[in-house]
Amino acid sequence: MKDYDESTAFLGQWGRFQQVVFFLLCASIVPNGLGAFSVVFLTDIPRHHCLIPEENLTQDWRDAIIPIEVVNGKREQSRCSRYRLDVVRNLSAQGFIPGRDVNLTDLEQEGCVDGWSYSKDIYQSTLVSEFDLVCSDQWKQPFTSTACFLGYLVGSFISGQLSDRFGRKPVFFATMAVQTTFSFCQAFSPSWTVFTILIFFNGLGQISNYVSGFVLGTEILTGDVRVIFSSMGVCLGFAIGYMILPLIAFFLRDWKSLLLAISLPGVLYIPLWWFIPESPRWLLSQGRVEEAEAIVRKAAKTNRVEAPTVIFKDYIANDDDMHPQEHLNVISLVKTQSVRSTTVILCLVWFSLSIGYYGLSLNTSRLHANPYISCFLSAAAEVPAYISCWLALKYFPRRLSVIFILLLGGVSLFLIQLVPETLSELAVALEMLGKLVITNGTSLMYAYTAELYPTVLRNTAEGVCITVSRIGSCLVPFLLQLRESFEYLPYIILGTLAVVSAFAALFLPESFGKPLPQTIQQMQKRERMKCPCITRKEHLKPVVHLESRL
């Protein structure tokens, strides 16, 4: 059976058709960047203390009614308690002066029975100040982010199977609608419970839309253009949205306005339905050869090239390889030993990269006191990671690149504990190096995974691997809590996972310079490493150089 890339080679790689698909799909990822980390601003905790009602208190007692506590070596006002208001009222009425006539440590304290007063230095309002997610309800603040991650987890799992069953395009636009609708509805949440439910479905839509758009572009585009799209295109689209987020949040300081602003771009993408086609590869895998040919002929007309009389003749003639009536599912990923070992190793690598990415991303908030600058720096650091990922995908074998990235990231995290406190800048530099290479590896794994699996299983495999990675992201808040027992324990765990994953990646098959597999049989024929020695062979060179086509 002739390969799909070979059958459609007459289209070229960078005609008008490919340009439209490339840029529209990249642009469709921008809302994902806006929404993915919006929770940083939506659930941030403003400075707060117990609300003091309008009582007849002297200014001295009004200033002293909030106890002073030592937190992380710094003295600050208590967030969850105050001196008993009735006692303070009597002492104030009698003319006693706090600290001189009254020893404050002897006074009885009470909780914030009248509510809280929140600082508006940075935010007009957040979800925390709206629903009082502090003190006894403080667990609700991190759980809000966890609910979003759980949405990512479920969405990663089901979107791949839905897309493999019903098509890339319908799922892509359906999940875009889900993301936009639930993001808009969140702004009108009457309670924290409703907001948490809505953010779960919002997260489900976000990751499902990202995965569907990624696979759709990977299957439509060919050669080095596919490499650029999968390594840089969608990732830079995400990074652009990520960098725009703090700018929007800076001007819209209340959480409802921010949600409305980041939900509006989704409406602008409705017309894309008429410009983005279904994946011809998926249509062929379902036996819908005529529909696939119609799309390719329309692409040929757009590119002003002549199409052959019969484009996919070999697909019709050889039914043994296609089996369009066979609907494979997640069980197919573990049926045979070859496919099963690939799936297990990829899940381990995805898990390690995800827990490292989100763990280090949450730590970047310590780079600067201003959350808007911190968010922008975290987003900007991803741009060189995506560019270097494109270079790695273009010139280097996938397996070697993954191993190098995991080892470099693991070593940089191990070294942080050896840096003396006087060289804090070096520790930050090592942490940012780890963030850069792990971001690079996360981007690379999308392309590597898509290249290893056949068309009939590609989206399901991507979805399963991303589902496993989301389990890692859900564990990040608990991992960071380990700093309370030993400051460097999270870094040690992240570094160990990276090194173990690098060793496991030795036994993955190579996909560099090879056509995408169409069937499981073609996937099983991929060469694997049988020993921990990596030898680059001549047949691993790129098939097409982008410079010759652009």
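Student: If a salt bridge is a side-chain nitrogen of Lys or Arg within 4 Å of a carboxyl oxygen of Asp or Glu, how many salt bridges does the count come to?

Tutor: The count by this rule is 13 salt bridges. This is a predicted model, in which local features need pLDDT of at least 70 and side-chain atom pairs count only at pLDDT 80 or more, while totals for chains, interfaces and linings use all residues. Residues are numbered from 1 along each chain as its sequence is written, and side-chain values use heavy atoms, with hydrogens and water left out.

Student: Which side chain meets Glu 110 in a salt bridge?

Tutor: The partner is Arg 82, with an N to O distance of 2.9 Å. The pair links distant parts of the chain, since Glu 110 is in strand β5 (residues 109–110) and Arg 82 in strand β4 (residues 82–83), 28 residues apart. Helices (H or I, at least four residues) and strands (E, at least two) are DSSP runs, numbered from the N terminus.

Student: Which residues are linked with Glu 110 in a network?

Tutor: Arg 82, Glu 110 and Asp 114 are linked in a network of salt bridges.

Student: Is Arg 82 buried or exposed?

Tutor: Arg 82 is buried because its relative accessible area is 1%. Glu 110, at 21%, is partly exposed. Buried means under 20% relative accessible area, exposed over 50%, and partly exposed in between (1.4 Å probe, protein chains only).

Student: Which residue forms a salt bridge with Glu 451?

Tutor: Glu 451 pairs with Arg 398, and their closest N and O atoms are 2.9 Å apart. This pair also connects distant parts of the chain: Glu 451 belongs to helix α21 (residues 424–452) and Arg 398 to helix α20 (residues 398–416), 53 residues apart. Both Glu 451 and Arg 398 are buried.

Student: And what does Arg 84 meet in a salt bridge?

Tutor: Arg 84 meets Asp 86, at 2.6 Å from N to O. Arg 84 is partly exposed at 26% relative accessibility, and Asp 86 is partly exposed at 31%.

Student: Changing topic, how do α10 and α11 pack?

Tutor: Helix α10 (residues 192–220) and helix α11 (residues 223–251) pack at about 150°, with their axes 9 Å apart. Therefore α10 is roughly antiparallel to α11.

Student: Where is the nonpolar patch on the surface?

Tutor: Val 154, Phe 157, Ile 158, Leu 162 and Phe 166 form the patch, and together they have about 400 Å² of accessible area. Patch residues have over 30% relative accessible area and no salt bridge; like charges are joined within 9 Å, and nonpolar side chains (Val, Leu, Ile, Met, Phe, Trp, Tyr) within 5 Å. Areas come from the Shrake-Rupley method with a 1.4 Å probe, and for residues only the protein chains shown count as cover.

Student: Where is Ile 158 placed?

Tutor: Ile 158 is in helix α8 (residues 140–166) and is partly exposed because its relative accessibility is 32%. The C-alpha atom of Ile 158 is 8.6 Å from that of Val 464, although the two residues are 306 apart along the chain. Val 464 is found in helix α22 (residues 458–480) and counts as buried at 11%.

Student: Which phi does Arg 304 have?

Tutor: Arg 304 is not a glycine, yet it has a positive phi of about 60°. Most residues other than glycine have a negative phi. Arg 304 lies in the loop between α14 (289–303) and α15 (313–317), and is exposed at 79% relative accessible area. Cys 135, also not a glycine, has a positive phi of about 55° and lies in the loop between α7 (127–131) and α8.

Notes: Axes fitted to C-alpha atoms, helices over the stretch in contact; angles between N-to-C directions. Parallel < 35°, antiparallel > 145°, perpendicular 65-115°, else oblique.
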